[in-house]
Amino acid sequence: MTEAEWLLCTEPREMLREVQGKISSRKLRLFVCACCRKNQWLMSLPGGAETIQAAEAAADGTLELSTVGKSVTDLLARSRQNPDYDDELAALPLLLGVADADEVAHRVTSIIDGSGLNSATRRWCVDALRCLAGCPFPHSLPEPATFSSRLAKATAGLVHLLASHPLRQPTKSGRAEAPVPHAAPSWLTSSVSALARQMYESHDFSAMPILADALQDVGCNAETILNHCRDVGTPHVRGCWVVDLVLGKV
Ligand SMILES: [Zn+2]
């Protein structure tokens, strides 16, 4: 998948396959957790919200993963009598601990909507994955020789257009690459860090535009960062690449 295809992709399974090995298992687990949070039925089960909260803590390394696996298994065992129980949920303990994107890709979509993804959920998944992925994309455009000269030229124009996109990642190919966005130490004031931490803790990312203003106030003019914060159409989730950048998480 090229960077342009990634940007246009509307299929969560393909995107999950693409990020395999390119984003941390923490982010992958947080994506599963975000999907669980999206699932009202799962969250409303007795102990459901607490279990997902524990899974998030495990993703961040503050709780033993094995403990969470047991909690999820227990939660699902208690919920088997519920008429809305779906056997797909049986994969949840695995998913919350797994670092294998392919397994996630096969399972997670049916967990968030057992009857198939509706367009709104599909869109949410795609946006959430882009929010999480940030800079995972290995810039692997096909060799120019495989293109007609006209197509190669058009591709070069597109690449130029995308040059500041956060998905860009340095490569050893020698091609011109935009630097991966990073947080300058001078940006990380107590108010910027507190704002990011508060959103991270609360799962309420409505202050992302305020974070953009705060970052700009301390000298951040990285459009990729500011645009991501100010894109009101993006459903930010825990693991958001900009918030992670501020908090020093990967
Ligand atoms: Zn985000």
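Trainee: What pattern does the protein chain follow, read along the sequence?

Mentor: This is a predicted model. Along the sequence the protein chain reads α-α-α-α-α-α-α-α-α-α-α-α-α-α. That comes to 14 helices and zero strands.

Trainee: And how much of the protein chain is buried?

Mentor: Of its 250 residues, 35% are buried. As for contacts between residues at least 6 apart in sequence, 66% join residues at least 24 apart.

Trainee: Let's pick a helix pair. At what angle do the axes of helix 3 and helix 5 cross?

Mentor: Roughly 165°, and the axes come within 9 Å. Helix 3 covers residues 25-38 and helix 5 covers residues 48-59. Angles over 145 degrees count as roughly antiparallel, so helix 3 is roughly antiparallel to helix 5. The crossing is left-handed.

Trainee: Which residues make the contact?

Mentor: From helix 3, R26, R29, L30, C33, C36 and R37; from helix 5, I52, A55, E56 and A59. By class, that contact has six nonpolar, four charged and no polar residues.

Trainee: Changing topic: where is L75?

Mentor: L75 sits in helix 6, residues 65-79.

Trainee: Is L75 buried or exposed?

Mentor: Buried, because 20 other C-beta atoms lie within 10 Å of L75, and the cut-off for buried is 20 or more.

Trainee: What is L75 in contact with, leaving aside its neighbours within four places in sequence?

Mentor: L45, G47, G48 and T51. Take G48: L75 and G48 are 27 residues apart in sequence, yet their C-alpha atoms are 6.9 Å apart in space.

Technical notes: Residues numbered from 1 in each chain as written. Predicted model: local features only at pLDDT ≥ 70, side-chain atom pairs only at ≥ 80, totals over all residues. Axes fitted to C-alpha atoms, helices over the stretch in contact; angles between N-to-C directions. Helix = DSSP H or I, 4+ residues; strand = E, 2+ residues; numbered from the N terminus. Parallel < 35°, antiparallel > 145°, perpendicular 65-115°, else oblique. Left-handed = near helix turned anticlockwise from the far one by under 90°. Contact = placed C-beta atoms within 7 Å. Nonpolar A, V, L, I, M, F, W, Y, C, P; charged D, E, K, R; others polar. Buried ≥ 20, exposed ≤ 12 C-beta atoms within 10 Å, placed from the backbone.
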